[in-house]
Amino acid sequence: MGRLVTGTRLRLTELARQPLTLVMLLVLPPVVIELYATAVASFPRLPTLGAAPATVGRMTGALFSVAFLAGLVGLFQVISARGGDERAAVAGFPRWAMLTTRLLTMCLLALAGAAVAFGAFSLHEQVASPAEAFAALVLAALVYGLLGVVIGSLVPKELEGSIILVFVADIDNALSSGLFPVEASMSLPVVGAVGVTDFVPLYHPHELFTAAVLDGALPASHLVPAVGWVAALLVLAFAAYGRATGAGTGGGRGGAR
C-alpha cells in the first residue's frame with residue numbers, strides 16, 4: 001500500500017508541474033460544454049431530444065469533455081513511461097503495482113475533470129439529482145480513462161494513440177448522444193428495443209447522466225452495463241499493459257527469463 005501511495009503521489013506531482021495538463025483540466029470542460037450548447041441550440045426542439053436543444057448540447061458536451069480528458073490522461077500515463085516500466089519489470093518491480101499507480105492517478109484526475117465539468121454544467125442548467133449526475137460523469141470518465149490505457153498499451157506512439165482516441169470518442173459521442181438518427185440513416189439493426197448504438201462505450205453513461213439531470217434517477221438498465229464496461233476495460237487494461245511491458249517468461253520485449 002505504501003508503494004502505491006508513493007507512486008501515485010509522484011505521478012500526480014509530475015502532472016501538476018505540467019501547465020498544459022492543468023489548463024486542460026480547468027478550461028477544456030467549460031469550453032466544450034458551451035461549444036456543444038451553442039451548436040445544438042440551433043436544432044429544432046424535437047420530442048426525441050427530451051429537453052431543450054441547448055440543454056441536450058450541454059449534457060453531450062459534459063460527457064464528451066470528461067471522457068476525452070480522462071482518455072488522454074490514461075493514454076499518456078502508459079505511453080509516456082512505457083520504456084521505463086519495461087525496465088522496471090525486468091528489474092523485478094511488480095507490473096500490477098506500476099499499472100495500479102497509473103490507474104489511481106487517472107481516477108483522481110477523472111474525478112477532478114468530472115467535478116469541473118459538473119460545475120460548469122450546473123451554472124447554466126437545473127440538475128434534478130446532483131449526486132447521481134456527478135456519478136454518471138465519473139463513470140463516463142472511468143470508461144474512457146481505461147480505454148485510453150488500453151490504447152496506450154497497444155499503440156506505442158503518442159500521436160497515433162491520440163488520433164485513435166479522438167476518432168473513437170467523436171464517433172462514440174455521435175452514436176450515443178441521440179442527436180442523430182444514426183441507426184435509421186445507416187440501416188443498422190435493431191433487435192427489440194436494443195440497437196447497435198446501445199453497445200458503444202458512452203451510450204449508457206449518457207443515458208444515466210440524462211436521467212439524473214432530468215429525472216433525478218440512475219436506471220439500473222443503464223447502470224449495470226456502464227459498470228460492466230468499467231470492469232471489462234479494467235481487465236483488458238491489465239492484459240494489454242502486461243503484454244506491452246513483456247509479461248510472461250520469455251514473452252514480449254523485455255520479458256523476464
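**A helix pair in detail**

Mentor: Helix α3 (residues 53–79) packs against helix α6 (residues 130–154) at an angle of about 35 degrees, and their axes lie 7 Å apart. The model is predicted: local features need pLDDT of at least 70 and side-chain atom pairs pLDDT 80 or more, while totals for chains, interfaces and linings use all residues. Numbering runs from 1 along each chain as its sequence is written, and side-chain values use heavy atoms, without hydrogens or water. Helices are DSSP runs of H or I with at least four residues, numbered from the N terminus; axes are lines fitted to C-alpha atoms over the stretch in contact, with angles from 0 to 180 degrees between N-to-C directions.

The crossing of α3 with α6 is right-handed (the near helix is turned clockwise from the far one by less than a right angle). On the α3 side, the residues in contact (heavy atoms within 4.5 Å) are Ala62, Leu63, Val66, Ala67, Ala70, Gly71, Gly74, Leu75, Val78 and Ile79. They meet α6 residues including Leu137, Ala140, Ala141, Tyr144, Gly145, Gly148 and Val149. By class, this contact has 14 nonpolar, six polar and no charged residues (Ala, Val, Leu, Ile, Met, Phe, Trp, Tyr, Cys and Pro count as nonpolar; Asp, Glu, Lys and Arg as charged; the others, Gly among them, as polar).

Elsewhere, leucine 28 belongs to helix α2 (residues 19–40). Apart from neighbours within four places in sequence, leucine 28 touches Val23, Ser65, Phe68 and Leu69. Its C-alpha atom is 9.0 Å from that of glycine 113, 85 residues away along the chain.

Histidine 222, in helix α10 (residues 220–244), contacts Tyr203, His204, Glu207 and Leu208, again leaving aside neighbours within four places in sequence.

Notes
Helices (H or I, at least four residues) and strands (E, at least two) are DSSP runs, numbered from the N terminus.
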